[in-house]
Amino acid sequence: MTLVRRLLDQAARTPGAVALIAGDGAQLTYGELRRQVLAVRHGLLSYGLAPGDGVLFSVRPSPESLVLALGVVAAGGTVVFADPGAGPEMFTARLRLARPRWSAAESVLYAGSRLRPVRAYARRRGLLLPDLAGLRIPGEGRMRHIRVGRRLPGVPRGALSFARLIRGDAPEPAGDADPDAPAAVIFTSGTTADPRAVVHTQASLAAALDLFRTRLPLGPGDVVHTDQLMLGLPTLIAGARWSMPPLSCPPAGFARLMRERGATHVFCVPVHLAEILDACPELPPSVRYVLLGAAPAPAAILRRAVAAAPSAEVLSVYAMTEILPVAIASAREKLAHTGSGDLLGAPLPGVGARSAADGELVLSGPNLCRGYLGADPVTELPTGDLVRMDGGRLVLMGRKKDMLIRGKFNLYPGLYEPSIAALPDVAEAAIVGIPDPRTGDEEVVLAVVGPPGLAARLPRTLPDVIDHDALPDRIVVLDELPRSGRTRKLDRDRLRAMVAR
């Protein structure tokens, strides 16, 4: 059964229940969600969307983006997530690889990418937008366009209106799309010369949602507060309610909405949760599960989360875009781990995990992506993460690409950062290397977030928690570690620049 079919069937069982609360408080019932998805599906097919057509997707998290993405997949199309804010050269390279035939974007983004005064303003803010309205299919002509929002100057002539699509006929489909056909393309890394994109099918995404629910009980009456699609979809398939915060929601507002909407589950990036707890030290008593993911959860944040929600279970999710989720560990398990490395937990049911000869984690399972766009399908994924097994549980020892060279010693930052971050007064810790062009070795710099006197105290305590050969040459105290992207991952390149002499 496809992902979309499961959602449609759930919606048919509880048509009057509230499926989603938008950022502005507007509510969408399961029955209306179902009708809108089927209407978008029918409308796109009527306007010529063919199975396998890629739809470049530039719509921020919202009820509209959910309905549109599901409608595209239900019609047999592929949602292509290629961030238009990545810069014109990268955006063009990604388009050249994905070759989408359609573009779906908010009207304001079309206007911002076409109107000279708006483009100039965006450029001053550091945002170089591509000309979305002028996109072409190589050798075929202009793309078809879908706009979300009212018509604005700069929106392509003839663009389909999302508002009109959802008001159209919504017949029941005669059959479902192929579950093994591409459903989503997600660009993750790479260069302008060699962009890289993960291809997921409805089957691999459905398997991922099932795995979340093995560790995260969900059902009618639960309220999941998040802007993350991969937590919102299992919420809807389980008949629960998705509480979606508004865009750019401040931490205090995020916490207030959790309380007002009776959230039972919440998902945050660890840094975001720290900001929420700064604004509101106690989470609402209704919260039963706190999920942390998309980046490692430092011990300091785990302790704060447990203290803020003592009756809730705090969980840390280990996942990759290519295969999600992989393992889920509780905060108490992670805090009780006294060995080296970061405890990830046992692989979830059906996820195959093995360690290669050099310690690299290799994964497989029904939730594994089909492969990378333009490449052969994969059955196993070398992750680039170095692990060891601890009684059936995965322990992250570091990233292969983050390895630092110090004489004959190979230093993996991820092996030591969790232990350092667990020390008193250390909120976060990161180790980077500054290359020495004369010797080929690297100056090892430890950057920590904490009080000003921390740099003077740490040299006395570090030998008790990390190997002698891993002791830093220099310690720098920062107000915060540099981060990037929606997931707020540590930006090691920027950190190197910040701590370079």
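A crossing of two helices is called left-handed if the near helix is turned anticlockwise from the far one by less than a right angle, and right-handed if clockwise. In this predicted model, local features need pLDDT of at least 70 and side-chain atom pairs count only at pLDDT 80 or more, while totals for chains, interfaces and linings use all residues. Residues are numbered from 1 along each chain as its sequence is written, and side-chain values use heavy atoms, with hydrogens and water left out.

**Overall fold**

The secondary structure comprises 16 helices and 30 strands, where helices (H or I, at least four residues) and strands (E, at least two) are DSSP runs numbered from the N terminus. The radius of gyration, taken over C-alpha atoms, is 24 Å, close to the 23 Å that the globule rule gives for 501 residues, so the protein is as compact as a globular protein of that length; the rule itself is 2.2 Å times the number of residues to the power 0.38. Along the principal axes, the C-alpha atoms fill a box of roughly 70 × 50 × 45 Å. Of the 501 residues, 55% are buried, a class that means under 20% relative accessible area, with exposed over 50% and partly exposed in between (1.4 Å probe, protein chains only). Among contacts (heavy atoms within 4.5 Å) between residues at least 6 apart in sequence, 61% join residues at least 24 apart.

**Helix α1 and its partners**

Helix α1 (residues 3–13) packs with helix α2 (residues 30–46) and also crosses helix α3 (residues 63–74). Axes are lines fitted to C-alpha atoms, for helices over the stretch in contact, and angles run from 0 to 180 degrees between N-to-C directions.

| Pair | Angle | Axis distance |
|---|---|---|
| α1 and α2 | about 140° | 8 Å |
| α1 and α3 | roughly 120° | within 9 Å |

Angles under 35 degrees count as roughly parallel, over 145 as roughly antiparallel, 65 to 115 as roughly perpendicular and the rest as oblique; α1 and α2 are therefore oblique to each other, and α1 and α3 are likewise oblique.

The crossing of α1 and α2 is left-handed. On the α1 side this contact is made by R5, L7, L8, Q10, A11 and A12, and on the α2 side by Y30, G31, L33, R34, V37 and L38. By class, these are 8 nonpolar, 2 polar and 2 charged residues, with Ala, Val, Leu, Ile, Met, Phe, Trp, Tyr, Cys and Pro counted as nonpolar, Asp, Glu, Lys and Arg as charged, and the others, Gly among them, as polar.

α1 passes α3 in a left-handed crossing as well. Here L3, V4 and L7 of α1 meet L70, V73 and A74 of α3, a contact with 6 nonpolar residues and no polar or charged ones.

V67, which is found in helix α3, is buried, with a relative accessible area of 0%. Leaving aside neighbours within four places in sequence, V67 is in contact with L28, L33, Q36, V37, V40, F162 and I166.

A500 lies in the segment after α16 (492–499) and is partly exposed, with a relative accessible area of 36%. Not counting residues up to four places away in sequence, A500 touches I434 and R474; from G433, A500 is 67 residues apart in sequence and 9.1 Å apart in space, C-alpha to C-alpha.

**Helix α10**

In helix α10 (residues 251–260), G253, F254, A255, L257 and M258 are buried. The buried residues of α10 pack against β12 (223–225), β14 (265–268) and α11 (270–279). Just after α10, G262 takes a positive phi of about 65°.
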